[in-house]
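Take a walk through this model, one region at a time. Keep the sequence open beside the coordinates.

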Amino acid sequence: MSLAKQIGAIDAQGRAPLYHRLQDRLRGAIENHQLKPLEALPPERDLAADFAVSRITVRKALDGLVGEGLLTRRQGAGTFVAGRVEKQFAKLTSFSEDMAARGRVVRSEWLTKAEGSVTPDESLTLGLSPGTRVYRFARVRYADDLAMALEYSTIAGYGLPGLDAVDTSLYAALEAAGNRPVRALQRLRAVLFSAEQAQLLGIEVGAPGLFIERRAFLEDARTVEMTHSWYRGDAYDFVAELNAS
Ligand code: 16G
């Protein structure tokens with residue numbers, strides 16, 4: 001069955017531009033699960049024929065939904081309904097592991113990859129003496145082609161053999177160096193994205209997000225990592241199991 005038959009044609013009376021009306025129709029179908037998480041959309045030319053619009057109109061509607069985080073594009077595979085990520089809040093996992101577990105392709109855009117001396121703030125958090133060497137990593141983190149989070153990490157100098165040890169995964173590099181954290185403290189709060197952050201994530205200024213601070217420790221209780229993460233609010237559900245005692 002054609003998608004237009006399944007979810008309804010574009011609102012013919014609407015005054016909004018055509019691509020907007022198509023975007024609204026598809027958004028509605030995603031929200032009421034007529035289009036299910038991870039389901040593939042038909043190719044753009046089929047959608048154009050099906051909804052009797054141009055391919056440019058389809059492209060603009062899909063671009064809008066990719067920007068909203070409701071669709072993702074996978075190179076060579078097409079366009080899919082995004083699955084919100086459910087993240088176990090009580091598990092000490094890495095972004096790369098979380099995404100790989102969902103079959104999503106991880107990539108990072110580097111903003112900073114630098115070596116330096118600990119700042120007074122970092123020295124208090126990491127418990128390092130002034131002047132100690134640290135590594136700083138700032139990244140925009142992507143799953144498939146969707147920007148999911150901004151992360152700013154400071155790693156105690158002893159944790160890594162050097163800057164270049166970190167490729168896509170910080171935790172893989174820490175693990176290879178025998179310094180993967182085994183315990184962490186996290187604090188989370190709701191935020192609205194600033195103009196600069198929104199631009200990096202390709203979302204609207206003032207969109208809701210989750211700010212998470214992580215302090216992670218080694219077996220011997222030394223703090224090895226301090227990370228500030230800003231996760232998109234529309235892409236994540238944090239899930240935790242609670243016990244009565
Ligand atoms: C997660 C962690 C972050 C850690 C990163 C390592 C949260 C809120 N944050 O995003 O603290 O540095 O994973 O990921 O879970 P990587 O190994 O893929 O670089």
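The model is predicted.

Start with the nonpolar core. The largest one has 21 residues. Leu22, Leu26, Leu35, Phe51 and Leu71 touch the most other members. Helix 1 (3-7), helix 2, helix 3 (44-51) and helix 4 (55-67) each give two or more residues to this core. Helix 4 gives the most, with five residues. Beyond its neighbours within four places in sequence, leucine 35 is in contact with Leu3, Leu26, Ala29, Ile30, Leu41 and Val81.

Ile30 leads on to the largest pocket. Its volume is about 260 Å³. The pocket is lined by 17 residues, and Ile30, Leu70, Ala82, Gly83 and Arg84 are the closest to its centre. Helix 2 and strand 6 are the elements that give two or more residues to this lining. By class, the lining of the largest pocket has nine nonpolar, three polar and five charged residues.

Rolling a probe the size of a water molecule over the atoms shows where empty space is left. The structure holds one cavity of 30 Å³ or more. About 210 Å³ of space lies in the largest cavity. Its lining has 20 residues, with Phe95, Glu151, Arg214, Glu225 and Tyr231 nearest the centre. Helix 5 (95-100), helix 7 (170-176), strand 5 (133-143), strand 6 (146-156), strand 8 (208-217) and strand 9 (223-232) each give two or more residues to the lining. Strand 9 gives the most, with four residues. What is the make-up of this lining by class? The lining of the largest cavity has six nonpolar, eight polar and six charged residues.

Next come the salt bridges. The whole structure has 11 of them. Where do aspartate 24 and arginine 27 lie? Both are in helix 2 (residues 18-31), three residues apart, about one turn of the helix. Aspartate 24 has a relative accessibility of 39%, so it counts as partly exposed.

A second pair joins two elements. The side chains of lysine 87 and aspartate 98 form a salt bridge at 2.6 Å, N to O. Lysine 87 lies in strand 3 (residues 85-88) and aspartate 98 in helix 5, so the pair ties together parts that are 11 residues apart in sequence. Are the two partners buried or exposed? Lysine 87 counts as buried because its relative accessibility is 6%, under the 20% cut-off. Aspartate 98 is buried too, at 9%.

Arginine 133 and glutamate 115 form another salt bridge, with the closest N and O atoms 4.0 Å apart. Arginine 133 is in strand 5 and glutamate 115 in strand 4 (residues 106-117), so this pair ties together parts 18 residues apart in sequence. Arginine 133 is partly exposed, with a relative accessible area of 39%. Glutamate 115 is also partly exposed, at 47%. Elsewhere, Glu97, Glu175 and Arg180 are linked in a network of salt bridges.

Finish in the loops. Valine 182 sits between helix 7 and strand 7 (183-192). At 46% relative accessibility, valine 182 counts as partly exposed. Leaving aside neighbours within four places in sequence, valine 182 is in contact with Leu92, Phe217, Leu218 and Glu219. Its C-alpha atom is separated by 22 Å from that of tryptophan 230, which is 48 residues away along the chain.

Two backbone values also deserve a check. Most residues other than glycine have a negative phi. Alanine 52 has a positive phi of about 55°. Alanine 52 is in the loop between helix 3 and helix 4. Alanine 52 counts as exposed because its relative accessibility is 66%, over the 50% cut-off. Alanine 221 has a positive phi as well, near 80°. The loop between strand 8 and strand 9 holds alanine 221. With 52% relative accessibility, alanine 221 counts as exposed.

Note on methods:
Residues numbered from 1 in each chain as written. Predicted model: local features only at pLDDT ≥ 70, side-chain atom pairs only at ≥ 80, totals over all residues. Heavy atoms only, no water. 1 Å grid on protein atoms, 1.4 Å probe; cavity = no way out; pocket = protein on both sides within 12 Å on 5 of 7 lines; lining within 4 Å. Points joined across faces, edges and corners; volume = space filled by probe spheres on them. Nonpolar A, V, L, I, M, F, W, Y, C, P; charged D, E, K, R; others polar. Buried < 20%, exposed > 50% of the residue type's maximum accessible area, 1.4 Å probe, protein only. Contact = heavy atoms within 4.5 Å. Core = buried A, V, L, I, M, F, W, Y, C linked by side-chain atoms within 4.5 Å.
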